[in-house]
Amino acid sequence: MDSINLRARDEAFIREVEKESGQNISTCYQCGNCTAGCPCGPVYDLQVNQIMRAIQLGDKKTVLEAASPWLCVSCSTCSARCPNDIDVARVMDTVRHIGRREGKTKYVINAFWDSFLQTVRFCGRSYELGIMALFMLRTGRFYTDLDLAPRMLPKKKMPYLPHLIRGKAAVSRIFKRFNDMQQYDD
Amino acid sequence: MKFAYYPGCSGKGTSVEYEISTKAVCSALGIYLQELADWSCCGSTPAHATDTLLSAALSARNLSLAAEAMKQSGATKLATPCPSCLANLKTARHHMANQEFRRKVDKLLDSPCPPLGPKGEEPLPETYSILQLLVEDYGLENIAAKVTRPLKGLKIAPYYGCLLSRPAPIMQFDDPENPTSMDRLLEALGAEVVPFPLKTECCGAAMGIPRRDITARLSARLLDAATTFGADMIAVACPLCHMNLDLRQEQAAKASGVSYDMPVLYFTQLMGIALGLPDSDLALDKLSVSPAAALQKIGKEISA
Ligand code: SF4
Ligand code: SF4
């Protein structure tokens, strides 16, 4: 049963991507321009035009199982080169948003993004050393960028302490309300 | 000229030389930058990759502060040196033209954002890059007129990165594939701009920490191209590009098997040199790859 359902055209998924990205996915005619310019193509498991195709087909599973959206660097080259003016990078962003809501956040990049946002939530501004520490704790990758230390430390470019702003509680409340809002939606 | 100013988090840390040189150059040109009191992080890529609404709300808090500050001070525009902040602040405002979206953003904030007029006018301000304001508002002729130490003899590869002009409908600046504003600025400073076909190719952005293999490979391509085209140095306008090309230059070298000695300077540092500002105002000592040897070439005509 499953194998048939997997490929069933998920119309709701197509609409969800279109609405959230504000892009008309059906106008993609698979020219491959986006893929040709994508700097991350070599590390993608599914090329960006293939992601577009899978969305057109309503193949939610294929789209959400792909690692590519989590490797995309948001450079917007694809958007700049699409002959149909599709903001492809925004579609990739949207796939990540949907993926996150559906718990597909198992990649190294998620640990980085979460660490970054956690420092913003508590300090009001991002805090580089804090991000590194949280990231290492989350991933166990304690060797991350250790080779940069001898270049970095003498330059005194990384403040040891976070910049705590007066409005840090206000920023924290943005995160809190956002999380609450998501729980209602689910 | 008076602009409200959003420095961005990296300006207080890893891109402190961009921040210092931007302020020094603007002050030398008679541009007053009014830093927003108590600004907060725009959320950068992690926020927009997580959720559009969260990202917009983090930006909106700052746009509200800017609207208020500009009303008080009479600053005409909101400026930021960082393309990543720029993209987030601009995108947030762009989406907030949609009333349904704006209502949701307001729900995340302590107090609602000031309105956006029907034609997109204030009070919710649009954000501009320092580069755009210098080139378009201050003007290249006016900059050229203040040059006391022309960068003659220096060959520079202008690297814009991917964010400054893209996506075009939101950024509304220069050409998304072949921008020329920094080229013209560097020429106005007296430098020779080498042809650089990878102007807007991505450097690997914030993948440096989680996936340095990606960043190293992409940055190596840029360093290779700059070398091939005979550049003495690369000029950049983005803290992330700078980190990947300068601080991570050795990582890139390991990935490509070539060793580089390519100084990477912020365009504001180059402006400062041409305007005759002292090195201490430009934080040249914060760069990982020393520009000293390359800067020796200024003023020395080399006959080939
Ligand atoms: S460039 Fe546009 S039309 Fe061509 S494959 Fe990519 S998304 Fe489709
Ligand atoms: S935005 Fe993402 S998908 Fe598009 S070209 Fe850049 S890396 Fe590739």
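## Exercises on a ligand shell and two interfaces

Around ligand 2 stand 14 residues, the closest being Cys38(A), Cys72(A), Cys75(A), Ser76(A) and Cys78(A); a residue counts here if one of its heavy atoms lies within 4 Å of the molecule. The model is predicted, with local features needing pLDDT of at least 70 and side-chain atom pairs pLDDT 80 or more, whereas totals for chains, interfaces and linings use all residues. Residues are numbered from 1 along each chain as its sequence is written, chains are lettered from A and ligands numbered from 1 in the order in which they are written, and side-chain values use heavy atoms, without hydrogens and water.

**Exercise 1.** Determine which elements give two or more residues to the shell around ligand 2, and its composition by class.

*Solution.*
- Step 1: The elements are helix H6 (77-81) and helix H7 (88-101) of chain A, helices being DSSP runs (H or I) of at least four residues.
- Step 2: By class, the shell holds eleven nonpolar, three polar and no charged residues; Cys counts as nonpolar and Gly as polar, while Asp, Glu, Lys and Arg are the charged class.

**Exercise 2.** Describe how domain 1 and domain 2 of chain A meet.

*Solution.*
- Step 1: Domain 1 spans 6-101 and domain 2 spans 108-185, bounds that come from an automatic or database domain assignment.
- Step 2: Their C-alpha centres lie 28 Å apart.
- Step 3: Four residues of domain 1 and five residues of domain 2 make the contact (heavy atoms within 4.5 Å).
- Step 4: The buried area is about 350 Å², with 56% from carbon and sulfur atoms; this is accessible area (1.4 Å probe) lost on putting two parts together, summed over both.
- Step 5: The touching side of domain 1 divides into one nonpolar, no polar and three charged residues.
- Step 6: Zero salt bridges are found across this interface (a side-chain nitrogen of Lys or Arg within 4 Å of a carboxyl oxygen of Asp or Glu).

**Exercise 3.** Characterise the interface of chain A and chain B.

*Solution.*
- Step 1: In contact are 60 residues of chain A and 63 residues of chain B.
- Step 2: About 5400 Å² is buried, 59% of it from carbon and sulfur atoms.
- Step 3: Four salt bridges cross the interface; one of them joins Arg81(A) to Glu201(B), with the closest N and O atoms 3.8 Å apart.
- Step 4: On the side of chain A that touches chain B, H11(A) gives the most, with nine residues.
- Step 5: That side of chain A comprises 30 nonpolar, ten polar and 20 charged residues.
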